[in-house]
Amino acid sequence: MKTKTKKNVPNELPNLPHKPAVTGIHLVVYSNCAPDKEFVLANGEHLKNLFELSESLARIDEKVFSHHVNKDRNDFSSWVEHVFNEKGLAETLKKSSSREKHEIVLLKHLLGKLLDHEKKN
């Protein structure tokens, strides 16, 4: 029994760029801070942008969260204000003491940025 072989099928992908092009939407949502401004969680994880912060809030344990947000301080609010110059977002985060509320506030903020970007384009 003969098996059919496909002809003209490349063995590897054509030369594609190593990194996808950065689009406006990526700048809006995934804008990274400078490496020396990265947020280092108590568990050692490094965060480079607001989206990574929102993702990390969904998975860090309460001990890590409480290290950064307690009655004496809110490290996330400070980082958002001083590194990303997002004063309104920082104020809202400062008023929150729960991990879930922080995550919701960040996701609403990012969604708002996406919707604003969509309106402009």
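Phe39, Phe65, Phe76, Trp79 and Phe84 form one aromatic cluster. The model is predicted. Across the whole structure, a search finds four aromatic pairs. Two of these pairs involve Phe39.

**The ring pairs**

A pair of aromatic rings is described by the distance between the centres and the angle between the planes.

| Pair | Centre distance | Plane angle | Type |
|---|---|---|---|
| Phe39 and Phe76 | 5.1 Å | 35° | tilted |
| Phe39 and Trp79 | 5.5 Å | 65° | edge-to-face |

Why is the pair of Phe39 and Trp79 edge-to-face? Its planes stand at 65°, and angles over 60 degrees count as edge-to-face.

Where do the partners sit? Phe39 lies in strand S1 (residues 39-40), and Phe76 lies in helix H4, so their pair ties together parts that are 37 residues apart in sequence. Trp79 also lies in helix H4, so its pair with Phe39 joins parts 40 residues apart in sequence.

Are these residues buried or exposed? Phe39 counts as buried, at 7% relative accessibility. Phe76 is buried too, with a relative accessible area of 0%. Trp79 is buried at 6%.

**The helix pair**

Helix H4 (residues 75-84) also meets helix H2 (residues 50-59). Their axes come within 12 Å and cross at roughly 170°. That makes H2 roughly antiparallel to H4.

Which residues make the contact? From H2 come Leu50, Leu53 and Leu57. From H4 come Phe76, Trp79, Val80 and Phe84. The contact has seven nonpolar residues, no polar ones and no charged ones.

Terms used
Residues are numbered from 1 along each chain as its sequence is written. This is a predicted model: local features need pLDDT of at least 70, side-chain atom pairs count only at pLDDT 80 or more; totals for chains, interfaces and linings use all residues. Side-chain values use heavy atoms; hydrogens and water are left out. Axes are lines fitted to C-alpha atoms, for helices over the stretch in contact, and angles run from 0 to 180 degrees between N-to-C directions. Helices (H or I, at least four residues) and strands (E, at least two) are DSSP runs, numbered from the N terminus. Angles under 35 degrees count as roughly parallel, over 145 as roughly antiparallel, 65 to 115 as roughly perpendicular and the rest as oblique. Contact means heavy atoms within 4.5 Å. Ala, Val, Leu, Ile, Met, Phe, Trp, Tyr, Cys and Pro count as nonpolar, Asp, Glu, Lys and Arg as charged, and the others, Gly among them, as polar. Rings of Phe, Tyr and Trp (its six-membered ring) pair if their centres lie within 6.5 Å; planes under 30 degrees apart count as stacked, over 60 as edge-to-face and the rest as tilted. Buried means under 20% relative accessible area, exposed over 50%, partly exposed in between (1.4 Å probe, protein chains only).
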